[in-house]
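Work through these exercises with the structure open beside you. Try each task before you read its solution.

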Amino acid sequence: MSSLALESTTGTPTAPRIAAHTVDATKIYGRGQTEVCALDGITVEFEAQRFTAIMGPSGSGKSTLLHCVAGLDALTAGSVFIGDDDLRTMSDRQLTQLRRDRIGFVFQAYNLVPTLTALENVTLPLRLAGRKGNDDWVHTVVDIMSLNDRLTHRPAEMSGGQQQRVAVARALATRPEIIFGDEPTGNLDSHSSGEVLHFMRRAVDEMGQTIVMVTHDPHAASYADRILFLADGRVVDEMRQPTTEQVLERMKRFGE
Amino acid sequence: MLTTAIRNLWAHKLRLMATVFSIMLGVAFMAGTLVLTATMRTTFDNLFADMYQGTDAVVRAQSAFEGPQESTGAQRGRIDESLLPVVSRVDGVAAASGEVSGYARLIAKDGKALGNPTNGAPTIGTNWTDNTTLNQFHIVEGRPPRADNEVVIDRKSARDGDLWPGTTTTVLVQGGPMRVVIAGVGRFGTADSPGGATVVAFRLPVAQRVMGAVGKFDSINLVADKGVSQTELVQRVSSVLPKGVEAVTGQTVTEESQSALRKALGFFYTFLLIFAVVAVLVGAFMMFNTFSITVQQRTRENGLLRALGASRRQILGAQLVEAGAVGLLASVVGIFAGLLIALGLKRLLVAVGIDIPSQGLVVTSSTVLICLLVGVGITLLSALSPARKAAKVPPIAAMQLGVVGSTGYGSKQRIYVGLTVLGLGAVALLLGLFGGVERPMLIVGAGALLVFFGVSILGRTVSLPLSRVIGAPLPRLRGITGELARENAMRNPKRTAAAASALMIGVGLVGFITIFVSSTKASINDAIDRGFTGDLVVDSGGGIAGGLDPGLAQRVGALPQVETAAGLRVGIAQVDGKAVIIESGGSDLFKIMNVDVRQGSMAELGRDGIGVYHKIADDNGWQIGTTVPAVFAKSGHNTLRVAAIYDDNAQAGDYVLGSAGYADNFDSKLDNKVFVQAKSGVPLATAVAAVKHITKDYPGVKVLDRAQYKSEQSKAFDQLLALVYALLGLAIIIALLGIANTLALSIGERVREVGLLRAVGMTRSQLRTTIRWEAVIIALQGTVLGLVIGLFFGWALVAAMGDQGVTVFRVPATSLAVVVLLAALAGALAAVQPSRRAAKLDVLRAVVSD
């Protein structure tokens, strides 16, 4: 399985490569009286080939952070880097290409184009880039996500868990530098949720992928290598190799 | 509920504007037509009332028969001028004056013939009446004619031809070109010319001579003594009149003229009204589509209202109020826009030579009422079914996520209904064309309408396979964007079909007219190839009333380069109780015009022989030697003998009279055309030059070779085609608005999908491409359906007109390919706005909405 890992995975365990990072990321919505500071100068790094979860209470800015790092939303101040590239210097076209070629997405819902089959959805970003969507890598991804018997089905013919697995496969299809998940299991029952997380974990372990995921579910977060806790637009805590119980414990303290 | 309805309207101003616009255009066109009709009617009613104001009674020959077309009117002979002193002596007659009229064509200062009698208003010659009460002219410049070569002309001709008192020019009349001096310029009441006709008034004896009416009058106009009423005058005068001559009141003549003009313009109005109906219909389709989509999008909202206690009737009512408000707004705006259209149409009429005296637009209350009723009615009607669907939304819908609602492939029941309507329409259409029923136009129109409805009912069923086929090359051509476009066009066949339906109507009619006109032109060419074996045609350009003086044919025939020159004459007669156009020529003519004589001989027509087209002979059971009753305006009742039966009526029409027979029965001595065959061995150019050397004395006359003759014969059809295209363009614009609107609405439904696509890397230009191709598929779908219908209509009409010379069915592949291409382009154009808006969508908002 190691052959599937990215070529550039040569960093030492003590100094992991950084897939994306922010410097003093600030995001302010509204103006004057209605001004809301969603991100209050966050500086954070996301390591490559790791599974990172972002947690925090509602309004903590976790989704905003994800959207800004993923190039879906623009910062008010500060910088975001994917690899060494500063997103703030990019045009809409460059951002689109960045999302297409270097970033993968899994949203909470509505991940798939309803008129396309599972396989067509998986290969969509590749084909948007004008590439053939039928190489060995795609086959491997489909294999690992156990989607072989679903390839010709349309989203309406699949369960929620299956749909999210297709979404993960789609995110993996372009061999992105980093995959962002916005509550990818938020709409699933616990069984399907566990299944999807299991596959995400495999993508990191067996394919050397990098995943950053926002979640409010402690069990989901426990699949991650590292958890960032946000509150009021700031990173307030961090946890490595978490367990569900530890996360629950930490989350309780937000309520106090 | 009312406020909800109104708020809904305001919340979607853009959509509102598009919908209002679509209905508005149709209503505006209708209002424009009605306003123009009323205006023209009032104008001409006033004009004729003015012209005959001083005339209390008219003595004229009784009508021999009614002309073949309604507009030709009563056919009368002339009366003897000796009646004038007889009538003048009747007690109560204050003044009496004889009048003749006929063909006279003025030559403008630049040497070109004035007026266009083939397609437009007539070119009239008449006599100058000294009695100012009876004279319809009143001189505005110059003086009455005093010498035999002096004339008074109407002011429109004076303006158009730059002919003012003192100018010398030429008038084409029966005796040949005549040099005249303009003595005066006059007007008719408030108009420069009666309806755009050119009028030349000679001194009476001159007029009688050049109209071929020596010793004759067309009518004697009378003024009554004070205290004698029009009716009384008519009674007194009638007692002294011989058999076959009648006296009528001035009032009657005024009304006859008024109604004759109305009939003449009636075709034009009908024509315009048909397009107004088409425009309204297309608007209704778009309306229906828009309402259907909005109702579907408002499913949750309506569910919420129901959950909050709104009754079904209230929901239905709110939807209808919304529709009614749209309809009302559109109708009111449409009526005002209609005034502009009426002004535009008036300009158009003036441009084609119909002079309309200056008069404000006449807006009658019935015009306003009709437009409001049609506008609001059609809107409500098209909103009814969507509104009922809205009322059926259950309260639970408020709690359900996402938009439900069927994408609709069409139930079996629906297919049966569609097929039935389509079948009924086709049967009605064919029955109207071939069945010989009463009011065939109405039945054909209703049939055509049903065919359109039938196809649109079936639309959603055929839409899916059609989109699949039309879009088939797209994935290969455009990759993923093409594939998505195709899938999007296929995902809701009901909607795609509805958007395509509106375009289908416009394209259907365009296709139909294109096929029909091109078949007609092909038939004309074919007929000329078959029927005309000569080399040149000399055309008077004077239409059925005008012509070439017979001297021209003689002079051309005498040329050393010419083998034969033979004139063709035309007249109106009643044969076997039916008013018909009859043509005439000597035996020379039939040497170079091949009519495929089956029995008898054209050389044996003599004085009382008639040649008949074989279908007419077959229908009536006539054979060689059968005697047929005929009525002529000049000679009255007569008996003709069938002397020839021929197979080809494309050149000589259905009835042919010999030259001697024509001279006996018609006053006119004018040739409508002269057909020329050059001596063998003479180059065409030499022959043309020789003939032109003679015709230079006859301004307005055209010398045409075969190719020019063909294109001259089809010219009228090209003009018709251009006009029809312009008018149908309107319907197509509405349809395109419909496609744009549908796209905008469906994209509104797909915000999240669009956001997703953008998030996973679709560029703005890829997104625009996708939407553009979706629009192209919809447009092509409408076009394909329209062309199939147009093909059917075209075929049916061509088949039905086989007897009237349309013998060739020609499908102009190039023109139709251009139509398809334009439709695709137009579809892409319709996508510009929706795709731009979609591309501007905020990716994030689209992805995380809710």
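**Exercise 1.** Among the elements of chain B, which has the lowest mean pLDDT, and which the highest?

*Solution.* Next, take the average for the chain. Chain B has a mean pLDDT of 85, and 94% of the residues score at least 70. Now go element by element. Helix α1 (residues 2-11) of chain B is lowest, with a mean of 65. Strand β10 (residues 150-154) of chain B is highest, at 94. Finally, look at residues 402-406 of chain B, where the pLDDT is below 50. Beyond near neighbours in sequence, this stretch has seven contacts in the model. Where pLDDT is low, predicted coordinates should not be read in detail.

**Exercise 2.** Find the order of the strands in the open sheet of chain A.

*Solution.* Four strands take part, in the order β2-β1-β4-β5 (chain A), with antiparallel pairing. Check the edges: β2 (36-47) and β5 (85-86) of chain A each pair on one side only. Then take one pair. Five bridges join β1 (residues 18-29) of chain A to β4 (residues 77-82) of chain A. Thr26(A) sits opposite Ala77(A) in β4(A). Helix α1 (residues 62-69) of chain A lies across β1, β2 and β4 of chain A, at about 120 degrees to β1(A).

**Exercise 3.** Describe the side of chain B that touches chain A.

*Solution.* Count first: 20 residues of chain B are in contact with 24 residues of chain A. Then list the elements of chain B that give two or more residues: α14 (480-491), α22 (751-759), α23 (764-800) and α26 (843-848). Now sort the residues on this side of chain B: ten nonpolar, five polar and five charged. To finish, note the model's scores: ipTM 0.82 and pTM 0.78.

Notes:
Residues are numbered from 1 along each chain as its sequence is written. Chains are lettered from A and ligands numbered from 1 in the order in which they are written. This is a predicted model: local features need pLDDT of at least 70, side-chain atom pairs count only at pLDDT 80 or more; totals for chains, interfaces and linings use all residues. Two residues are in contact if their C-beta atoms, placed from the backbone, lie within 7 Å. Ala, Val, Leu, Ile, Met, Phe, Trp, Tyr, Cys and Pro count as nonpolar, Asp, Glu, Lys and Arg as charged, and the others, Gly among them, as polar. Two strands pair if DSSP finds at least two bridges between them. Axes are lines fitted to C-alpha atoms, for helices over the stretch in contact, and angles run from 0 to 180 degrees between N-to-C directions. pLDDT is the predictor's confidence in each residue, from 0 to 100.
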